[in-house]
Amino acid sequence: MKLNWSDVTPKHLWLNRRNFIAGGAALAASPALALSGRPSPFSTSEKPNTLEEITNYNNFYEFGTGKTDPAKNAGAMTTDPWSVEIGGLVDRPGSYGVEDLAPDNALEERIYRLRCVEAWSMVIPWIGVPLASVLEKVGVQSGAKYVAFQTLLRPEEMSGQRFPSIRWPYVEGLRLDEAMHPLTILATGLYSDPLPNQNGAPIRLVVPWKYGFKSIKSIVRITLTDQQPPTSWNELQPSEYGFYANVNPNVSHPRWSQATERRIGAGLFGGREETLMFNGYADQVASLYSGMDLAQNY
Ligand SMILES: Nc1nc2c(c(=O)[nH]1)N[C@H]1C(S)=C(S)[C@@H](COP(=O)(O)O)O[C@H]1N2
Ligand SMILES: [Mo]
């Protein structure tokens with residue numbers, strides 16, 4: 001994988017949330033800039049999709065199953081105030097604000113490929129913090145082996161939750177070593193703005209080497225457990241969606257090949273691209289799965 005040191009725009013790295021709200025006016029005076037110039041070694045140098053593409057082609061079943069439904073309906077979700085309950089096998093359980101988990105001076109930009117299990121992909125410039133930094137803050141106890149995540153359940157505001165679909169609330173999970181991996185982030189923004197509702201405001205998971213459904217949106221609960229937690233798509237159709245869901249061109253979905261993908265925005269004549277093992281992040285993450293049969297553990 002190509003590491004990208006030069007293409008990162010430092011301006012994006014240190015825009016803090018207050019600056020987002022102030023339209024960037026306070027940027028030059030931001031104390032966060034004192035920390036700047038620390039480009040991420042994890043970003044891809046591929047061209048990011050446009051904000052237009054990233055915010056108008058979404059999967060967020062809480063707002064409908066169509067790709068343009070979230071852009072139309074997610075505005076109804078109230079994201080302020082917001083708190084994330086962190087519990088289970090942690091030293092400091094409690095209710096945390098988004099500011100506590102992703103403080104302004106810790107925000108980083110990560111330009112990641114996102115590969116949906118439906119065989120389309122995008123490149124998204126996220127802003128967020130490593131999930132590991134949050135887990136260190138709350139103190140993971142020695143018995144913890146997995147991290148479980150839960151999305152907001154609020155059918156009054158989330159129109160899709162009024163219809164039978166997946167079992168609400170949407171839940172996801174990671175093995176603890178996956179959760180602690182430096183590529184795994186909690187995102188609170190994209191481009192230089194706070195996360196749009198349709199992309200999972202105010203805080204969502206991003207795990208770039210796994211199919212997009214692992215990257216759960218609008219998180220209200222994080223629980224450390226010693227048991228593998230249930231996950232929404234796996235529960236709905238276990239033969240099609242596994243717990244691991246690592247991007248793998250060699251393991252087909254029962255109904256389609258995963259060998260290639262369609263890059264959103266490539267146009268009618270853009271052609272399909274080859275899907276890369278672990279979505280191109282194999283150098284960083286393959287060792288997490290050494291000795292595992294990836295066809296069995298899909
Ligand atoms: N709560 C929740 N999180 C979710 C989903 C969802 O329907 N509900 N869809 C997932 C799927 S299938 C994908 S591909 C990504 C899409 O993220 P994006 O819309 O920001 O590109 O979000 C994931 N997170
Ligand atoms: Mo997806």
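**Exercise 1. Which residues are the closest to ligand 1, and how many surround it?**

Some ground rules before the solution. This is a predicted model, where local features need pLDDT of at least 70 and side-chain atom pairs count only at pLDDT 80 or more, while totals for chains, interfaces and linings use all residues. Residues are numbered from 1 along each chain as its sequence is written, chains are lettered from A and ligands numbered from 1 in the order in which they are written, and side-chain values use heavy atoms, with hydrogens and water left out.

Step 1: Count the shell, taking a residue as near if one of its heavy atoms lies within 4 Å of the ligand. You get 18 residues, and the closest are Asn58, Tyr61, Glu62, Ser215 and Lys217.

Step 2: Sort them by class. Nine are nonpolar, six polar and three charged; here Ala, Val, Leu, Ile, Met, Phe, Trp, Tyr, Cys and Pro count as nonpolar, Asp, Glu, Lys and Arg as charged, and the others, Gly among them, as polar.

**Exercise 2. Find polar contacts to ligand 1.**

Step 1: Look for pairs of N or O atoms within 3.5 Å. Asparagine 58 puts a polar side-chain atom 2.9 Å from an oxygen atom of ligand 1.

Step 2: A polar side-chain atom of threonine 151 lies 3.0 Å from a nitrogen atom, and serine 215 has a backbone N or O atom 2.9 Å from a nitrogen atom.

Step 3: Check the cover. On its own, ligand 1 has 540 Å² of accessible area (Shrake-Rupley, 1.4 Å probe), and the protein covers 98% of that.

**Exercise 3. Describe the lining of the largest pocket.**

Step 1: Count the lining. There are 26 residues, with Asn59, Phe60, Tyr170, Gly212 and Phe213 nearest the centre.

Step 2: Split by class: 16 are nonpolar, six polar and four charged.

Step 3: Look for the top contributor. Strand S4 (residues 120–130) gives the most, with four residues; strands are DSSP runs (E, at least two residues), and helices are too (H or I, at least four), numbered from the N terminus.

Key. A polar contact is a pair of N or O atoms within 3.5 Å; within protein, one must be able to donate a hydrogen and the other to accept it, and residues adjacent in sequence count only if both atoms are side-chain atoms. On a 1 Å grid over the protein atoms alone, a cavity is a set of points where a 1.4 Å probe fits but cannot get out, and a pocket is an open set with protein on both sides within 12 Å along at least five of seven lines; lining residues have an atom within 4 Å of a point.
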